Amino acid sequence: MKKFVVIAAVVFALGWIVLKVGTYSWRQKLTITVDTPAGEVWGSSVSAVSWRKQWIRWDGMGWTWDLTGEAVVVEVTPGRYLFALLKGAGTTEYMGSVAAASIAEREGRVLDQALFSEVQGRRNRARGVIKVPEYQYPMLVTFDDITKPETVREVDPEDLAAVFGEGVRLKAVTLEITRGAVTEGRVEGVLVWLDDIWPNTLDGQRFHTIYTDHPLANSLSANSFSTEIGGL
């Protein structure tokens with residue numbers, strides 16, 4: 001019995017070491033600042049990024065990554081909101097200047113050791129507030145009717161005035177490493193229907209399809225706004 005306990009302890013310790021060595025994670029804060037005729041408004045959200053080594057793969061050792069948290073919410077004008085999505089419509093470039101997952105998508109690269117080393121290098125060099133380049137902006141959306149998920153519409157970061165009115169413009173998108181807690185509950189406080197529509201897309205359909213009157217809504221789900229919806 002004693003020998004079994006010792007072996008079990010050793011196995012547990014080795015497993016813990018493997019998991020610890022094979023994980024690289026941090027938390028980051030994304031902030032969206034908007035100029036309006038009434039003054040500057042902003043919103044921010046802290047998300048957690050975790051890279052994990054895949055020790056056994058058919059094509060050799062590699063990495064996977066996860067992003068948990070929720071979209072940034074900015075009340076631009078009374079009752080009108082701008083959302084910077086975690087994911088959606090094919091975009092996973094939320095990590096801005098810090099991580100390189102978007103490089104893998106654009107260039108078709110495997111998340112291998114070389115790419116992970118690039119990610120790690122960018123993260124380690126990150127200092128203070130980083131201005132996110134426009135080509136890595138998260139997807140920005142709003143709703144024509146906040147109570148109807150199918151009315152979601154994309155917002156051009158260069159022309160917020162077309163949606164929110166004259167004098168409204170995107171001032172800055174910034175990212176910084178933080179020790180703050182992952183943001184929870186802000187999105188659900190505005191989009192009270194998020195839990196109700198999961199796991200369907202925003203147009204109410206179960207799967208993505210070309211047979212829809214609302215293509216953008218069909219490409220997005222509750223998890224485009226929060227990874228906590230549905231217990232993910």
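## Ground rules

Buried here means under 20% relative accessible area, with exposed over 50% and partly exposed in between (1.4 Å probe, protein chains only). By that cut-off, F143 and W193 are both buried.

What you have above is a predicted model, where local features need pLDDT of at least 70, side-chain atom pairs count only at pLDDT 80 or more, and totals for chains, interfaces and linings use all residues. Residue numbers start from 1 along each chain as its sequence is written, and side-chain values use heavy atoms, leaving out hydrogens and water.

## The four-stranded sheet

Let's start with an open sheet of four strands, ordered β4-β5-β7-β8 and paired antiparallel. Its edges are β4 (72–77) and β8 (152–154), each of which pairs on one side only. On average, neighbouring strands of this sheet are turned by 30° against each other, direction ignored; the axes behind that angle are lines fitted to C-alpha atoms (for helices, over the stretch in contact), and angles run from 0 to 180 degrees between N-to-C directions. Strands (E, at least two residues) and helices (H or I, at least four) are DSSP runs numbered from the N terminus, and two strands pair if DSSP finds at least two bridges between them.

β4 and β5 run antiparallel and are joined by five bridges. V74 has L82 as its bridge partner in β5, while V73 has F83. The two strands make a hairpin with two residues between them, and G79 in the turn has a positive phi of about 80°.

## F83 and the nonpolar cores

F83 turns up again in the largest nonpolar core, which has 22 residues; F83, L191, L202 and F225 touch the most other members. (A nonpolar core is a set of buried Ala, Val, Leu, Ile, Met, Phe, Trp, Tyr and Cys residues joined through side-chain atoms within 4.5 Å.) At least two residues each come from β5 (80–84), β7 (140–143), α5 (186–190), α6 (194–197) and α7 (215–219). There's also a second, separate core of 19 residues, including I32, V155, V173 and L175.

What does F83 touch, leaving aside its neighbours within four places in sequence? Contact means heavy atoms within 4.5 Å, and the list includes V72, V73, M139, F143, I146, L191 and F225.

## Aromatic pairs

Across the whole structure, a search finds five aromatic pairs. Rings of Phe, Tyr and Trp (its six-membered ring) pair if their centres lie within 6.5 Å; planes under 30 degrees apart count as stacked, over 60 as edge-to-face and the rest as tilted. F83 and F143 have ring centres 5.7 Å apart and planes at 85°, so they're edge-to-face. Because F83 lies in strand β5 and F143 in strand β7, the pair ties together parts that are 60 residues apart in sequence.

F143 also pairs edge-to-face with W193, at 5.5 Å centre to centre and 75° between the planes. W193 lies in the loop between α5 and α6 and F143 in strand β7, so this pair links parts 50 residues apart in sequence. Y81, F83, F143, W193 and F225 form one aromatic cluster.

Elsewhere, β1 (residues 23–36) runs antiparallel to β9 (residues 169–178), with nine bridges joining them. Q28 sits in β1 and has I177 as its bridge partner in β9. Q28 is buried, at 0% relative accessible area. β6 (residues 130–131) also runs antiparallel to β9, joined by two bridges, and K131 stands opposite T174.

P199 belongs to the loop between α6 and α7.
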